[in-house]
Amino acid sequence: MASKGFTINERGQINRFAIEPKVYVDETPQIGFTKYAEKLNGRLAMLAFVSLIAVEVITGNGLIGWLTSL
């Protein structure tokens with residue numbers, strides 16, 4: 001009866017509390033050249049590239065020109 005969101009104990013009483021999910025521990029290494037690291041690196045590079053384009057559009061200068069004008 002776990003699919004209904006409740007369980008019934010040995011006395012026939014309904015337990016309406018949430019059913020605890022099964023715990024899953026990911027044992028794969030998260031350092032070095034893993035798929036996770038490469039995805040994260042690519043996403044951060046895309047954010048940096050879009051940010052540089054936004055700075056150039058807003059200020060009218062490139063990154064180096066904007067930094068030297070400060």
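Guide: Helices are DSSP runs of H or I with at least four residues, numbered from the N terminus. The model here is predicted.

Visitor: Which elements does the protein chain have, and in what order do they run from the N terminus?

Guide: The protein chain has two helices and two strands. From the N terminus on, the order is β-β-α-α.

Visitor: How much of the protein chain counts as buried?

Guide: Buried means under 20% relative accessible area. Of the 70 residues of the protein chain, 1% fall in that class. The accessible surface of the chain is about 6,900 Å², and carbon and sulfur atoms hold 64% of that surface.

Visitor: Is T34 buried or exposed?

Guide: T34 has a relative accessible area of 16%, so T34 is buried. T34 sits in the loop between β2 (14-15) and α1 (35-59).

Visitor: Which backbone atom lies 3.3 Å from a polar atom of the T34 side chain?

Guide: A polar contact is a pair of N or O atoms within 3.5 Å. In this case the backbone atom is the nitrogen of A37.

Visitor: Which residues form the nonpolar patch on the surface?

Guide: The patch consists of L52, L63, I64, W66, L67 and L70, with about 610 Å² of accessible area together. Helix α2 (residues 63-68) gives the largest share of the patch, four residues.

Visitor: Where is L67 found, and why does L67 count as partly exposed?

Guide: L67 belongs to helix α2. L67 has a relative accessible area of 47%, so L67 is partly exposed.

Technical notes:
Residues numbered from 1 in each chain as written. Predicted model: local features only at pLDDT ≥ 70, side-chain atom pairs only at ≥ 80, totals over all residues. Heavy atoms only, no water. Buried < 20%, exposed > 50% of the residue type's maximum accessible area, 1.4 Å probe, protein only. Areas by Shrake-Rupley, 256 points an atom, 1.4 Å probe, with all protein chains shown as cover. Polar contact = N/O pair within 3.5 Å; in protein donor to acceptor, adjacent residues only side chain to side chain. Patch = residues over 30% accessible without salt bridge, like charges linked within 9 Å, V, L, I, M, F, W, Y side chains within 5 Å. Salt bridge = Lys/Arg side-chain N within 4 Å of Asp/Glu carboxyl O.
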